Amino acid sequence: MSEQTLDGRVALVTGAARGLGRAYAVRLAAAGADVIALDVCADFDSTDYPGSTPEDLAATAGEVEALGRRILARQADVRDGAAVRAVVDEGVALFGRLDIVIANAGIIRLTSGEDRERIFRDVVDVNLVGVWNTVEAAIPALLAGGRGGSVVLASSTAGIKASGTDRPGLQAYSASKRALVALMQGWASQLAPESIRVNTIHPSGVATDMILNETTMALFESADPWLLSQQNALRIPLLQPADVAGAVAWLVSDAAAFITGTEWKLDAGFLTR
């Protein structure tokens, strides 16, 4: 058996309707995993780009099923701990186990906006509280399995190097993504005796709807100083979701069974600049 096969395993992926969440779900399914997928499938008043839709989540489910794997796809808001627990419990009842958690759901706002407090709070609530709710809901099932497991928290290069701007959405994004490192370190220590590994990943910009939208394109056209400063060292303007998902699929596999408590920079050299 290949060390990187995920045959027989079950993965929970949040923010699974599109972008990186869909890429994770599809890549893990291709490696043999069944998937519990959740996404809010709604717009946020405090963001400046369209949210995902139920049709997006259905498309993710279709891609997983086309690979011959099972998927439970549900709409749920990660800010609602009870709703997340309900999806996890339903998935574990259906599939009989949980082995992998990809806490991916997150939002950002690049422009300033009028209601600074609302913007800051919403970003932190999704990106930080939502991750805590996700892992908190998953830990009992991971422990009950007695087989170990792998948890990946989706941070960012912004979780290592702050944005250097007074825009509340970017302040909140950096603060929440940095806070995930603290959560990761605590869980990695707590869960290591049970062979449950916990790591953060720190991608630079990825070609998803969070970046490829009218608002961001307008900022590029206006030569926004902050956005123009976000350049990778390698000649890779944006990472591709499939490439990040491939790295994560390795991280959650047995090939990486010795890796926990790390901040993995998937950044095309962004943080060397």
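The protein exposes about 11,600 Å², and carbon and sulfur atoms supply 52% of that area; accessible areas come from the Shrake-Rupley method with a 1.4 Å probe, and for residues only the protein chains shown count as cover. Please keep in mind that this is a predicted model, in which local features need pLDDT of at least 70 and side-chain atom pairs count only at pLDDT 80 or more, while totals for chains, interfaces and linings use all residues. Residues are numbered from 1 along each chain as its sequence is written, and side-chain values use heavy atoms, with hydrogens and water left out.

Now for the overall build. Of the 273 residues, 55% count as buried, where buried means under 20% relative accessible area, exposed means over 50%, and partly exposed lies in between (1.4 Å probe, protein chains only). The C-alpha trace spans about 50 × 35 × 35 Å along its principal axes. A compact globule of 273 residues would have a radius of gyration near 19 Å, and the 18 Å of this protein agrees with that; the radius is taken over C-alpha atoms, and the globule rule is 2.2 Å times the number of residues to the power 0.38. Among contacts with a separation of 6 or more, 78% come from residues 24 or more positions apart, a contact being heavy atoms within 4.5 Å.

The secondary structure comes to 8 helices and 7 strands. Both are DSSP runs numbered from the N terminus: helices are H or I with at least four residues, and strands are E with at least two.

Strand E5 (residues 149-154) and strand E6 (residues 196-203) run parallel and are joined by 6 bridges. Valine 151 has valine 198 in E6 as its bridge partner.

Serine 174 has its place in helix H5. With 7% relative accessibility, serine 174 counts as buried. Beyond its neighbours within four places in sequence, serine 174 is in contact with Ala158, Gly159, Ala162 and Ser163.

Cysteine 41 lies in the loop between E2 and helix H2 (54-66) and is buried, with a relative accessible area of 9%.

Another loop residue is serine 112, found between E4 and helix H4 (116-145). Serine 112 counts as partly exposed at 37% relative accessibility. Not counting residues up to four places away in sequence, serine 112 touches Ile119, Arg167 and Pro168. From serine 112 to isoleucine 196 there are 84 residues in sequence and 40 Å in space, C-alpha to C-alpha.

Our tour ends at helix H8 (residues 241-251), where Pro241, Val244, Ala245, Ala247, Val248, Ala249 and Leu251 are buried. The cover over the buried residues of H8 includes H1, E4, E5, E6 and E7.

Which aromatic rings pair up? A search of the whole structure finds 1 aromatic pair. The rings of tryptophan 250 and tryptophan 264 have centres 5.8 Å apart and planes at 50°, so the pair is tilted. For this label, rings of Phe, Tyr and Trp (its six-membered ring) pair if their centres lie within 6.5 Å; planes under 30 degrees apart count as stacked, over 60 as edge-to-face and the rest as tilted. The pair links distant parts of the chain, with tryptophan 250 in helix H8 and tryptophan 264 in strand E7, 14 residues apart. Tryptophan 250 is partly exposed at a relative accessible area of 26%, and tryptophan 264 is partly exposed at 28%.

Definitions and conventions
Two strands pair if DSSP finds at least two bridges between them.
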